[in-house]
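Hi everyone, thanks for coming.

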Amino acid sequence: MAERNSSLEKALKVLDLYQSQSRLTLTSIAQQTGLSNAAISRILNSLEEMKYIYKDKIDGGYYLTDRVFTLSRNTNIQKQIVNMLDEPVARLCRKCGLAVTVSVRQGLKSYIAIRKNPYQGIAVVVSSEEMMSLNLTAAGKVLTAFSGESDKLVDEIDYVRLTDKSIVDKEEYKMLLEEVKEEKLAYDMEEVTEGLVCVAAPVLSTDGTAICAISVSGYKERMVRSLYSVIPRLQDTASECENLLR
């Protein structure tokens, strides 16, 4: 039998209490869980440091922050994306004969939720190794431009450089986002990998913010030749995905 993580179990036991009540105190947690005051204090301090809960300065109670709800929302969106966009993504990949990815924003980075290669099946990818700073990729630019808080993100992004074409100047990035908003398209011109070019379009919710971004990528020579046929197919797929996810 796998070894159980006692500290994790205790923390989850505390979080479970919020299913039936909005306010907790050290005393109420002790009464309901049987945990020691010392153990509860450690758990509350850890959850507060991670910004899952906060302590009200007036009544002394502990309340959930919106980070928990955001985590739940992102997980649900991720499941929807994987379940519902499989066929449109596969179809776009077949039509273009190029790699297609679906990316989602998490904080100041984007990660690939679905990857489809022309000669392979769909791969679902959710790992820290796949996360990229928003300044680097075409998807990252789209997710920033249509985040509803682009000015804030522009100020907070860690401007990583992977090639000499990576955009690491804040003002240049900000100006580029205005073009992305106008065209509803973004490009990665060898900014992540030399020789690799990518174009991305947003999948928008009813409030105009990006649910995810769909990208088509390939080697520079082929992408330049194919761009005029790829873009309308990409835009059509993004529109189809919007209808599926709304």
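How many of the 10 residues of strand S9 (residues 210-219) are buried? Eight are, so S9 is largely enclosed by the rest of the structure. Buried here means under 20% relative accessible area, and exposed means over 50%, with a 1.4 Å probe and protein chains only. Strands are DSSP runs of E with at least two residues, helices are runs of H or I with at least four, and both are numbered from the N terminus.

A word on the source: this is a predicted model, where local features need pLDDT of at least 70, side-chain atom pairs count only at pLDDT 80 or more, and totals for chains, interfaces and linings use all residues. Residues are numbered from 1 along each chain as its sequence is written, and side-chain values use heavy atoms, leaving out hydrogens and water.

Back to S9. Strand S8 (residues 196-204) runs antiparallel to S9, joined by nine bridges, and alanine 201 has isoleucine 214 as its bridge partner. Strand S3 (residues 99-106) is also antiparallel to S9, with five bridges; there, serine 103 partners alanine 213. DSSP must find at least two bridges for strands to pair. In the S8 and S9 hairpin, five residues lie between the strands, and glycine 208 takes a positive phi near 90 degrees.

Now helix H8. Tyr173, Leu177 and Val180 are buried. Down the axis of H8, the buried residues fall within an arc of 60 degrees, so they line one face; that arc uses directions from the helix axis to the C-beta atoms. Turned away from that buried side are the exposed Met175 and Glu182.
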